[in-house]
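Please read this briefing with the sequence and the 3D structure open.

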Amino acid sequence: MTLDPAVQELLALAADAPVPERPPTAVELRAAFAASRPAPGAVAPVAAVTERRVGDLRVRLYLPEAEGPVPLFLWIHGGGWTIGSVDENEVASRAVCAGASVAVAAVEYRLAPEDPYPAAPEDCYAVLEWLAAGGAGPAVSPDRIAVGGESAGGNLSTVVSLMARDRGGPSISAQVLICPVFAHPDDGFASYADFATGYGMTADAMRFFFAQYAPDPARLTDPYLLPSRSKDLSGLPPALVLTAEYDVLRDEGEAFARQLTDAGVAVDLTRYAGQIHGFYGLYTDLPASPKSHAEVAAYLRGIFTA
């Protein structure tokens, strides 16, 4: 399929942006990303939005209009482990909270390069343990938790699932993996060559993010950094995997879905035709964005009512 016309328009606007004289630092990139993020338009109504602290970590909790303790969706934002915050996915978090009648807990983990691997997964796992211990309060059921994230957040969602399995930690009902990072830019996936430039997320940007998060190449064999390196994916929770047709990460996300299936994990895989990286949580004016939110909400409703 060709690019969605709305995506073509979005990319045309981005192509008109001035080119910086030098590559930005991580700090400069964060500032530019925060400044460029559009204010959310119409958002789904929810019962309450509060912020909590788990140690030094910020967690934003969305509660739906629902009776009794509701299931919980731990949401992990993207940004190459280097940029992003709990503010990044306000539209998507509210849509899933309302559409699935689940609480959503968005975590703001430490970022690289100041805090490289394994800071991010350890932070997310600490929040998972806090939630499973009842930290979100009586309106939330601590024994019905799914995890999910976009891009680097998809990576961290599976890493947290591996950690919970290996450490005998909290039970996770499902993982939602959206345009996830599961391999390295030099692993040879065709989508890295086909969509290296011109489609938003670039191959060079992913190399930059890896340099921040995992400056020691020896760590790239660690399955807690790249789950595709794992020799055993059995026992992980069922997964919903969403990929974008025009995304450097497309092929590795779909290859990992096959790895999970081969390990006996139930997987639902959807490729969003004509879409680019970020269609789910960043570019929420795209027509495909609310459709993806509805798919995630429907999947979570199915998981928690099974």
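Ala, Val, Leu, Ile, Met, Phe, Trp, Tyr, Cys and Pro count here as nonpolar, Asp, Glu, Lys and Arg as charged, and the others, Gly among them, as polar. By these classes, the lining of the largest cavity has six nonpolar, two polar and no charged residues.

The model is predicted: local features need pLDDT of at least 70, side-chain atom pairs count only at pLDDT 80 or more, and totals for chains, interfaces and linings use all residues. Residues are numbered from 1 along each chain as its sequence is written, and side-chain values use heavy atoms, with hydrogens and water left out.

**The largest cavity**

- On a 1 Å grid over the protein atoms alone, a cavity is a set of points where a 1.4 Å probe fits but cannot get out, while a pocket is an open set with protein on both sides within 12 Å along at least five of seven lines; lining residues have an atom within 4 Å of a point.
- Grid points are joined across faces, edges and corners, and a volume is the space filled by probe spheres set on the points.
- The count is one cavity of 30 Å³ or more, and the largest cavity holds about 30 Å³ of space.
- Its lining consists of Phe73, Trp75, Asn89, Ala92, Ser93, Val96, Val104 and Tyr280.
- Two elements, β3 (70-76) and α3 (90-100), each give two or more residues to this lining, and α3 supplies the largest share, three residues.
- Helices (H or I, at least four residues) and strands (E, at least two) are DSSP runs, numbered from the N terminus.

**The second largest pocket**

- The second largest pocket contains about 250 Å³ of space.
- It is lined by 16 residues, and those closest to its centre are Gly84, Ser85, Glu108, Tyr109 and Leu111.
- The elements giving two or more residues to the lining are α2 (26-36) and β2 (57-63), with the largest share, three residues, coming from α2.
- By class, this lining has six nonpolar, two polar and eight charged residues.

**Salt bridges**

- A salt bridge is a side-chain nitrogen of Lys or Arg within 4 Å of a carboxyl oxygen of Asp or Glu, and the model has 17 of them.
- Glu108 and Arg58 form one, with their closest N and O atoms 3.1 Å apart.
- This pair links distant parts of the chain, since Glu108 lies in strand β4 (residues 103-108) and Arg58 in strand β2, 50 residues apart.
- Buried means under 20% relative accessible area, exposed over 50%, and partly exposed in between (1.4 Å probe, protein chains only).
- Glu108 is partly exposed at 22%, whereas Arg58 is buried at 18%.
- Glu122 and Arg167 also meet in a salt bridge, at 2.8 Å from N to O.
- Glu122 belongs to helix α4 (residues 119-132) and Arg167 to helix α5 (residues 152-167), 45 residues apart.
- Glu122, at 33%, is partly exposed, and Arg167, at 40%, is partly exposed.
- Arg165 and Asp166 form a salt bridge of 2.8 Å, N to O.
- Salt bridges that share partners join Glu51, Arg58, Arg60, Asp87, Glu90, Arg94 and Glu108 into one network.

**A strand pair and its helix**

- Two strands pair if DSSP finds at least two bridges between them.
- Strand β7 (residues 239-246) pairs with strand β8 (residues 267-276) in the parallel sense, over seven bridges.
- In this pair, Leu240 stands opposite Asp268 in β8.
- A crossover is right-handed if, with the strands pointing away from the viewer, the path from the first strand over the helix to the second runs clockwise.
- β7, helix α8 (residues 250-262) and β8 make a right-handed β-α-β unit.
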